[in-house]
Amino acid sequence: QVQLVESGGGLVQPGGSLRLSCAASGSIFSINDMGWYRQAPGKQREPVATITGGGRVNLADSVKGRFTISRDNAKNTVYLQMNSLKPDDTAVYYCNAWVILRGRLSALDYWGQGTQVTVSS
């Protein structure tokens, strides 16, 4: 009923930048929190950045000062601007959204398929 489609991943050199996008589509009434998580090889998935429907932002300590999250509610899209990338940022990045479907009262949790970000020289 809801699809999250990510784009913008790729290979970048240390110190470089990438911008991830995630567009939600389907039978959407509204979206509460949206966010980005990442999972590096051999590690658990961890939160990177979240943003509420009202624009309140929470960033992981490891990305503060380097990453920015934003959203366009009219487009049901969330963005992650990643600057000063480091090799430790290498991971699969997943988009997450808490979506209230049309005709429903409570939000459901949806995930994108993930996009690979590799930081290497």
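Trainee: Where is Thr 68 found, and how do you know that the element is a strand?
Mentor: Thr 68 is found in strand β7, and the name follows from the rule that helices (H or I, at least four residues) and strands (E, at least two) are DSSP runs, numbered from the N terminus. This is a predicted model, in which local features need pLDDT of at least 70, side-chain atom pairs count only at pLDDT 80 or more, and totals for chains, interfaces and linings use all residues. Residues are numbered from 1 along each chain as its sequence is written, and side-chain values use heavy atoms, with hydrogens and water left out.

Trainee: Why is Thr 68 called partly exposed?
Mentor: Buried means under 20% relative accessible area, exposed means over 50%, and partly exposed is in between (1.4 Å probe, protein chains only). Thr 68 has a relative accessible area of 45%, so the label is partly exposed.

Trainee: Which residues does Thr 68 touch, leaving out those up to four places away in sequence?
Mentor: With contact meaning heavy atoms within 4.5 Å, Thr 68 touches Tyr 79, Leu 80 and Gln 81. The C-alpha atoms of Thr 68 and Leu 80 are separated by 5.7 Å, although the two residues are 12 apart along the chain. Leu 80 in turn touches, among others beyond four places in sequence, Leu 18, Trp 36, Val 48, Phe 67 and Tyr 93.

Trainee: What makes a set of residues a nonpolar core, and which members of the largest one touch the most others?
Mentor: A nonpolar core is a set of buried Ala, Val, Leu, Ile, Met, Phe, Trp, Tyr and Cys residues joined through side-chain atoms within 4.5 Å. The largest has 32 residues, of which Trp 36, Leu 80, Met 82 and Tyr 93 touch the most other members. The elements that give two or more residues to this core include β1 (2-7), β3 (18-26), β8 (77-82) and β11 (115-119), while β9 gives the most, with 6 residues.

Trainee: Why is Val 117 called buried, and what is it in contact with?
Mentor: Val 117, in strand β11, has a relative accessible area of 0%, which falls under the limit for buried residues, so the label applies. Leaving aside neighbours within four places in sequence, its contacts include Gly 9, Leu 18, Leu 20, Met 82 and Tyr 93.

Trainee: By contrast, what makes Gly 54 exposed?
Mentor: Gly 54, in the loop between β5 and β6 (57-59), has a relative accessible area of 80%, which is over the limit for exposed residues, so that label applies.

Trainee: Why is the pair of Tyr 37 and Trp 111 called edge-to-face?
Mentor: Rings of Phe, Tyr and Trp (its six-membered ring) pair if their centres lie within 6.5 Å, and planes under 30 degrees apart count as stacked, over 60 as edge-to-face and the rest as tilted. The count comes to 1 aromatic pair. Tyr 37 and Trp 111 are 5.0 Å apart centre to centre with 65 degrees between the planes, so the rule gives an edge-to-face pair. Tyr 37 lies in strand β4 (residues 28-39) and Trp 111 in strand β10 (residues 107-111), so the pair ties together parts that are 74 residues apart in sequence.

Trainee: How do you know that the charged end of Arg 45 sits over a ring?
Mentor: The rule asks for NZ of Lys or CZ of Arg within 6 Å of the ring centre and within 35 degrees of the ring normal. Arg 45 sits over the ring of Tyr 94, 3.7 Å from its centre, and also lies over the face of Trp 111, at 4.8 Å from the ring centre.
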